[in-house]
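Hello,

Here is the structure I said I would pass on. Please open it first, then read the notes below it.

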Amino acid sequence: MIIRQAPDLHGSEITPRSAYVSRRGLMVGALALAALPSTVRRAEAALPNVAKSPFVLDDKRTPLEDITHYNNFYEFGMDKDQPAKRAPGRLRTRPWTVRVEGECGKPGTFDVDDFIRRSALEERVYRHRCVEAWSMVIPWVGVPLGPVLQRFDPNSRARFVAFQTLFDPQQMPEESSRLIYPWPYTEGLRIDEAMNPLAFLAVGLYGDILAPQNGAPIRLVTPWKYGFKSIKSIVSIRFVEQQPPTLWNTVAPSEYGFYSNVNPTVDHPRWSQAKERRIGEFFRRPTLMFNGYGEQVAGLYTGMDLKKYF
Amino acid sequence: MGAEDRRRHFLRPVVHLLCLLPLLWLAVQGTLGGLGANPIEAAVRFLGDWALRLLVVALAVTPLRKLAGLPELARYRRMAGLWAFAYASLHVSAYVVLDQFFDWATIGHEIIKHKFITAGMAAYTLLVPLAVTSTEGMLRRLGGRRWRRLHRLVYLAGPLAALHYVWMVKADIRQPLVYAALLVAMLAYRAVSALRQKEAAIQSR
C-alpha cells in the first residue's frame, strides 16, 4: 500500500465518506474505519493511474479546503458553506448510474465505478470562473466528454446535449420545494460544444474522488463557461434536437443565457464581469475572454453576436 | 439620581455594547480566518446585513414606543440610527477599499449601470445628512419642524436599502422580502397615524 504524505490537506474532511461510500460493504463497522490513520484512508480513496494532460494551468492551485468549502450547490442550501455541511452524509454517491439516451444509436447506462475503472483518467488544471465574479484554479480528474458521448452513437438529430442532476429531496433537501427553482437542476450544451476537447467529465479532484459538495460522483466541467454550466451529480445525459431548457436560464433568462460563455465585455445585469476575485487573492484580476480558452473554443462561436447570445 | 435615571445610565452602555458585538465578531473572525474562502465578500455582506437590521430597529422605535407605551424608548432611536449609519459606512468602505480597492472607474460604472448598486449608494447618501444633523445642537439650529421634515428622508433610505438587497439576490428573495415587509409595515403605521392626527386636528378646529 502506498501511503502518501498530505500535510496540507484535510484528509479527515474528505476521505472518510469517500472511503466508506465505495467500501461500505467490506467494513465491519464504523469503528474499524475510525481506527485507520487518516493518511491510509486518503491513499485508498485516491484515484489510480491518473495521467498528465496538456491542459495543466501553471497558476497556483486553489487549496482543497477552499474548493470543498465554498460551493454553489443550491440543492443543499444557498449559502456557500452549506453544501460542505449538508451534502456529506446525505448524498449517496455509490452505487450511481448515469443514463444516456435520446437521439443516439446505442442508448444505455453506465455505473460510475465501472466507468472510473475502465477510463484512462487524466488530470486537468482548469480556471473556474463563477458568474458571481470569483474564480479558482482546480485540478480535476476525469475524462474528456466527447469520446464518452461518441460511444452512444449520437445521430444526426442530436444537435444538443441535455444534462440532469439527481432528483431526490431525501438526499438533496432543497429539492423538496419547487416554489422558486424547477428542480432537478438541468444544463445543456450544443453538440459541438460538448465534443470540444475542453469539455470534461470530472470524477475527482486533487487526485481523490470528488467530495459530495463538489458534485460527486460525476460532474461536467466546461471551463470557458461560467461555473453554473458545469452541472453536478449527473444522472442523465440526453441527446436532443432542440435547445434544452436549463435551470438558471428558466429562472432568470435576462441574467443567465444558454451559452453563458465567460465574457468580460458583457456585464451581468447586476454587476460587471470585467474583473474577478480569485479566491485567496486580494486584488481583483481582469477576466479573460472565454476564461482564457479562446484558442480552443472561439471557433465554436464565429459569426455569433455574443452580446445577444450571452 | 433617581431609579429611572440609574436605569437609563445603565442601559445606554449595554445598548452600545450590543450594537458593537457584530463588529467585534467580524474582527475576531477576520483575524482568525473564520470568514471562509472569500473573506472580503463575507465582510461586505455581513456589514450590509447589520446596517439594514439596525435601520429597521431604528425605524421600529417610534411605533414600538407608542404601541407598547414605552416613552423612554425614544432616546434609543438616535443610538440605533447612528449605529445603522456606522455599519452602512463600514459596508460602503469595505466595498470601496477591500472589494474594489479604489477602482473608481469600476465603482462609477457599477453605480450608473447596475441598479442594485445605484439603490444602495442612494440609500447611503440619504443617510449622511441624517447622521450629520443627529446632534442636539443641529436639532436646535434647524428647529424641530425642519429637523423632523429632513429626517423623514429615512423613509426613502430604508426602502432603498431593502431594494438594494432584493435586487442583489439571484432568485430566492424571501429573506430580503422579510426586511421589505417590516419596512412597509412601519411606513404604513406612520402613514396611518399621520392621517389620524390630521383628522383629529381638523375635528378640533
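**Where the two chains meet**

Between chain A and chain B, 14 residue pairs are in polar contact, counting pairs with both residues at pLDDT 80 or more. That cut-off is there because this is a predicted model, so please read everything below as computed from a prediction.

On the side of chain A that touches chain B, the elements giving two or more residues are helix 9 (247-251) and strand 12 (275-278) of chain A. By class, that side of chain A has 15 nonpolar, four polar and seven charged residues.

The contact as a whole involves 26 residues of chain A and 22 residues of chain B. The size of an interface is often given as the accessible area lost when the parts come together. For chain A and chain B the buried area is about 2100 Å², and carbon and sulfur atoms give 54% of that. Three residues, A:Arg270, A:Arg277 and A:Phe282, supply 29% of the area that chain A buries against chain B, which is more than any other three residues.

How many salt bridges does the rule find across the interface of chain A and chain B? There are three. One of the salt bridges pairs A:Lys275 with B:Asp103, and their closest N and O atoms are 2.6 Å apart.

**Chain B**

Chain B has nine helices and zero strands, and its pattern along the sequence is α-α-α-α-α-α-α-α-α. Along the principal axes, the C-alpha atoms of chain B fill a box of roughly 60 × 40 × 35 Å.

The second largest pocket holds about 1400 Å³ of space. It is lined by 37 residues, and those closest to its centre are B:Arg77, B:Trp147, B:Arg148, B:His151 and B:Arg190. Several helices of chain B give two or more residues to this lining, among them helix 1 (3-32), helix 2 (39-68) and helix 9 (174-204). Which helix gives the largest share of the lining of the second largest pocket? Helix 3 of chain B does, with eight residues. The lining of the second largest pocket divides into 16 nonpolar, nine polar and twelve charged residues.

**Enclosed space**

Rolling a probe the size of a water molecule over the atoms shows where empty space is left. In this structure there are five cavities of 30 Å³ or more, and the largest cavity has a volume of about 380 Å³. The largest cavity has 27 lining residues, with A:Asn72, A:Phe73, A:Gly227, A:Phe228 and A:Lys232 nearest its centre. Strand 5 (residues 134-144) of chain A gives the most to this lining, namely four residues. By class, the lining of the largest cavity has 16 nonpolar, seven polar and four charged residues.

**Backbone details in chain A**

Most residues other than glycine have a negative phi, and most peptide bonds are trans.

- The peptide bond between A:Trp183 and A:Pro184 is cis, with omega about 0°. A:Pro184 sits in the loop between strand 6 (160-165) and strand 7 (186-190) of chain A.
- A:Ala216 and A:Pro217 are also joined by a cis peptide bond, with omega about 0°. The loop that holds A:Pro217 lies between strand 9 (208-209) and strand 10 (219-221) of chain A.
- A:Asn49 is not a glycine, yet its phi is positive, at about 45°. A:Asn49 is in the loop between helix 3 (38-45) and strand 1 (51-56) of chain A.

Regards

How values were computed
Residues are numbered from 1 along each chain as its sequence is written. Chains are lettered from A and ligands numbered from 1 in the order in which they are written. This is a predicted model: local features need pLDDT of at least 70, side-chain atom pairs count only at pLDDT 80 or more; totals for chains, interfaces and linings use all residues. Side-chain values use heavy atoms; hydrogens and water are left out. Contact means heavy atoms within 4.5 Å. Buried area is the accessible area (1.4 Å probe) that two parts lose on being put together, summed over both. A salt bridge is a side-chain nitrogen of Lys or Arg within 4 Å of a carboxyl oxygen of Asp or Glu. A polar contact is a pair of N or O atoms within 3.5 Å; within protein, one must be able to donate a hydrogen and the other to accept it, and residues adjacent in sequence count only if both atoms are side-chain atoms. Ala, Val, Leu, Ile, Met, Phe, Trp, Tyr, Cys and Pro count as nonpolar, Asp, Glu, Lys and Arg as charged, and the others, Gly among them, as polar. On a 1 Å grid over the protein atoms alone, a cavity is a set of points where a 1.4 Å probe fits but cannot get out, and a pocket is an open set with protein on both sides within 12 Å along at least five of seven lines; lining residues have an atom within 4 Å of a point. Grid points are joined across faces, edges and corners, and a volume is the space filled by probe spheres set on the points.
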